[in-house]
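Trainee: I would like to go through this model with you. Could we start with the overall layout and then move to the details?

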Amino acid sequence: MTTYRTASARSEDVAFIPAIELAAAQLLAGHAPESVLSETTSIDELNHAQHSGRLWVALADDVPVGFAHVTVLESTAAHLDELDVHPDHGRRGLGTKLVLEVCAWAATNRYGSVTLTTFRDVKWNMPFYARLGFREIESAQLSPELGSVVEDETRRGLDPARRVVMRRLVDSSR
Ligand SMILES: CC(C)(COP(=O)(O)OP(=O)(O)OC[C@H]1O[C@@H](n2cnc3c(N)ncnc32)[C@H](O)[C@@H]1OP(=O)(O)O)[C@@H](O)C(=O)NCCC(=O)NCCS
């Protein structure tokens, strides 16, 4: 039986991540242009995130099958830049565990919230995050940094009407 767990990424985990990103993107076929689905986070950026403690992996018998990558765009919020679980290992709670790891890290590191952008109309996007306590940030309320994320997505071919920016407040008082 496969043993699953989530953990902070080790340096040797980084090389597995682009293939996970590409496989998970296939779940979004038809929702995003092929050019976006074939994008991967650069190894340099992943190495930097791993060194900085902003990269987590889901492991199946110690082999990475999912990851969460956080960037820091603003001092008050941790931004969940990418969350992917390989479809062969989906719906086992790994995506949820990765999000919870990120929220716990954000609280410990005194960020007030975790932010992200996702698809409004994909079942395992907006509703998935809503169940985990994320709420929509209306476009008029977006910080300049989050506004730039949406503008960049639009430039890359994503329809802003189908995207939503979400935030979960985290308890940093512990
Ligand atoms: C979103 C994603 C990370 C979730 O990972 P996961 O390990 O499957 O997540 P979990 O098992 O914790 O929870 C999955 C929940 O999402 C929903 N979900 C996931 N896949 C689904 C599907 N194909 N159809 C309908 N609902 C789905 C379900 O509610 C599911 O809970 P359930 O299995 O109890 O019904 C993964 O589906 C993925 O990588 N998707 C492609 C990339 C993506 O959408 N990334 C996030 C964009 S911001």
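Mentor: Helices (H or I, at least four residues) and strands (E, at least two) are DSSP runs, numbered from the N terminus. This is a predicted model, in which local features need pLDDT of at least 70, side-chain atom pairs count only at pLDDT 80 or more, and totals for chains, interfaces and linings use all residues. Residues are numbered from 1 along each chain as its sequence is written.

Trainee: How many helices and strands are there in the protein chain?

Mentor: The protein chain has 6 helices and 7 strands. Read from the N terminus, the order is β-α-α-α-β-β-β-α-β-α-β-α-β. The radius of gyration is 15 Å, close to the 16 Å from the globule rule for 174 residues, so the chain is as compact as a globular protein of that length. That radius is taken over C-alpha atoms, and the rule is 2.2 Å times the number of residues to the power 0.38.

Trainee: What share of the 174 residues counts as buried?

Mentor: The share is 34%. A residue is buried if 20 or more other C-beta atoms lie within 10 Å of its own, exposed if 12 or fewer, and partly exposed in between, with C-beta atoms placed from the backbone.

Trainee: Now the ligand. Which residues come nearest?

Mentor: Ala-24, Gly-90, Gly-95, Thr-96 and Trp-124 come nearest, out of 19 residues around the ligand. A residue is near a molecule or strand if its C-beta atom, placed from the backbone, lies within 6 Å of it.

Trainee: How do the residues of that shell divide?

Mentor: The shell has 9 nonpolar, 6 polar and 4 charged residues. Here Ala, Val, Leu, Ile, Met, Phe, Trp, Tyr, Cys and Pro count as nonpolar, Asp, Glu, Lys and Arg as charged, and the others, Gly among them, as polar.

Trainee: Is E5 mostly covered or mostly open, and what does E5 pair with?

Mentor: E5 is mostly covered, with 5 of its 7 residues buried. E5 pairs with E4 in the parallel sense over 3 bridges, and His-79 stands opposite Thr-115 in E5. With strand E7 (residues 163-169), E5 pairs in the antiparallel sense over 7 bridges; there, Thr-118 has Val-164 in E7 as its bridge partner. Two strands pair if DSSP finds at least two bridges between them.

Trainee: Why do Asp-61 and Arg-110 count as exposed?

Mentor: Asp-61 counts as exposed because it has 10 C-beta neighbours inside 10 Å. Arg-110 is exposed because 11 other C-beta atoms lie within 10 Å.
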